[in-house]
2 protein chains.
Amino acid sequence: MSKPPIDFYFDFVSPYGYFGSTQIEAIAARHGRGVDWRPVLIGVTVLQIMGMKPLTETPLKKDYLRRDAPRMARLLGVPFRFHDRKGGNSLAASRAFLWLKARDAALAKRFAHGVYARLWTQGQDITDAQSVAEVAVPLGVDRDELLAAVASPQAKQALKDAVDLAVAKGVFGVPTFIVDGEPIWGSDRLWMLEHWLKHESWDAVQAPRSSPE
Amino acid sequence: MSKPPIDFYFDFVSPYGYFGSTQIEAIAARHGRGVDWRPVLIGVTVLQIMGMKPLTETPLKKDYLRRDAPRMARLLGVPFRFHDRKGGNSLAASRAFLWLKARDAALAKRFAHGVYARLWTQGQDITDAQSVAEVAVPLGVDRDELLAAVASPQAKQALKDAVDLAVAKGVFGVPTFIVDGEPIWGSDRLWMLEHWLKHESWDAVQAPRSSPE
């Protein structure tokens, strides 16, 4: 009997969500788990529900983010660059993701990697539906069909439902991984996720504070 | 020539600061470093400067904290329990710490461990100066001398200066470790601190995502 998948909550606008997206499939595969990718909107969870400001507008933390994201990328060995776009959002991309996921989950993941790469390695916009189509079309998706789907009331409702469900499960920031009912927040906690996947317990087998090298 | 110490920024009111306090000396020692303990007030950095609410009053995150802190304690193998105290602060304890540190840094660290244990393993108050004295007196500190010092304008100014300096260095949350100019925030990032101490670089020697067991 196979083990339940890891729920991976992500938002395309988050660099840490991007970092998580580059690691989660390999981590899950090493432990015989699948990954269920679930978009969430931190504009709803963090800004509206928690009443916080965006990271990029929070004194002190915004400077830390600027310094931290590039070194996280180096540690993980993945490409990364900051963009200076303001006011973008992941609504269209997340709706497109859910629409694709309902038809082909593997295709939806390839699309998600493409959206993340577009924003966080190429620095290109992902906000408008046309830019989202730029990612999907090379994967074999019909442009007009995608644009119609993203604009549909069904797609809007599906994303709203997805966010509501995430909040009901206690998700606030991204990435959040939920495995066997355990929520783990942050791409700086991949070690903790791996600990659970190996031991299915929080008891220390050995102090988890060392890095593996 | 010995390497510069790790600056360890802590606040007694933070459970994650407590977790950091239980690990940092051993981590530093493994890499031939000392530790410079520096109190900061998250009531100033997080609440005033960043404009955030306390963790315990932030929707969603407060529930995560309740779940997360006990499992972090299990992972680290340290005692822990939540207290239900409201409105406490670390002013007196932090002033006492700085006063002790100016006389005997090793004594000040023993005192800090005692304050953390009082709040986060015994669930007892650390807010009023008398409760702070309860920790210091068994370590050989004169009660009246301590109480007079904590109430002095010099002690208040010393803590204010310490917080100002921390903010100038970009510290916001606790624990924050600064080593060789690299700030590392969070007791979930001890792996990252160890990576730096080993390699003094952010380049991945091996993917740092695995836990060591």
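**Cis prolines, the A–B interface and selected buried sites**

A:P175 sits in the loop of chain A that runs between α8 (153–168) and β3 (176–179). Helices (H or I, at least four residues) and strands (E, at least two) are DSSP runs, numbered from the N terminus. The peptide bond from A:V174 to A:P175 is cis, with omega near -5 degrees. In chain B, the bond from B:V174 to B:P175 is cis, with omega near -5 degrees. B:P175 is placed in the loop between α8 (153–168) and β3 (176–179) of chain B.

The model is predicted: local features need pLDDT of at least 70, side-chain atom pairs count only at pLDDT 80 or more, and totals for chains, interfaces and linings use all residues. Residues are numbered from 1 along each chain as its sequence is written, chains are lettered from A and ligands numbered from 1 in the order in which they are written, and side-chain values use heavy atoms, with hydrogens and water left out.

A leucine with positive phi was found in each chain. Phi of A:L60 is near 70 degrees, a positive value in a residue other than glycine. A:L60 belongs to the loop between α2 (42–49) and α3 of chain A. A:L60 is buried, at a relative accessible area of 12%. Buried means under 20% relative accessible area, exposed over 50%, and partly exposed in between (1.4 Å probe, protein chains only). For B:L60, phi is near 70 degrees, again positive in a residue other than glycine. The loop that holds B:L60 lies between α2 (42–49) and α3 (61–76) of chain B. B:L60 counts as buried because its relative accessibility is 11%.

The interface was examined next. In it, 51 residues of chain A are in contact with 51 residues of chain B. Contact means heavy atoms within 4.5 Å. About 5,300 Å² is buried between chain A and chain B, and carbon and sulfur atoms give 57% of this area. Buried area is the accessible area (1.4 Å probe) that two parts lose on being put together, summed over both. The rule finds 10 salt bridges across this interface. A salt bridge is a side-chain nitrogen of Lys or Arg within 4 Å of a carboxyl oxygen of Asp or Glu. B:R189 forms a salt bridge with A:D68, with 2.7 Å between the closest N and O atoms.

Across the interface of chain A and chain B, 20 residue pairs are in polar contact (both at pLDDT 80 or more). A polar contact is a pair of N or O atoms within 3.5 Å; within protein, one must be able to donate a hydrogen and the other to accept it, and residues adjacent in sequence count only if both atoms are side-chain atoms. On the side of chain A that touches chain B, α1 (15–30), α3 (61–76), β4 (182–185) and α9 (190–199) of chain A each supply at least two residues. Of these, α3(A) gives the most, with 8 residues. By class, this side of chain A has 25 nonpolar, 11 polar and 15 charged residues. Ala, Val, Leu, Ile, Met, Phe, Trp, Tyr, Cys and Pro count as nonpolar, Asp, Glu, Lys and Arg as charged, and the others, Gly among them, as polar.

B:E182 was followed in detail. B:E182 is part of strand β4 (residues 182–185) of chain B. Its relative accessible area is 13%, so B:E182 is buried. Leaving aside neighbours within four places in sequence, B:E182 is in contact with A:R67, A:R71, B:F177, B:W196 and B:W202. The side chain of B:E182 makes a polar contact of 2.8 Å with the side chain of A:R71. Another polar contact, of 3.0 Å, joins the side chains of B:E182 and B:W202. B:W196 is 14 residues from B:E182 in sequence, and their C-alpha atoms are 8.8 Å apart.

A:G123 occupies the loop between α5 (105–120) and α6 (129–136) of chain A. Beyond neighbours within four places in sequence, A:G123 is in contact with A:R81, A:H83, A:R85 and A:R118. At the start of α6(A), a side-chain oxygen of A:D128 reaches to within 3.0 Å of the backbone nitrogen of A:Q130. The buried residues of α6(A) are A:S131, A:V132, A:A133, A:V135 and A:A136. Their cover includes α4 (91–103), α5 and α7 (143–150) of chain A.

A:F80 counts as buried, at 17% relative accessibility.
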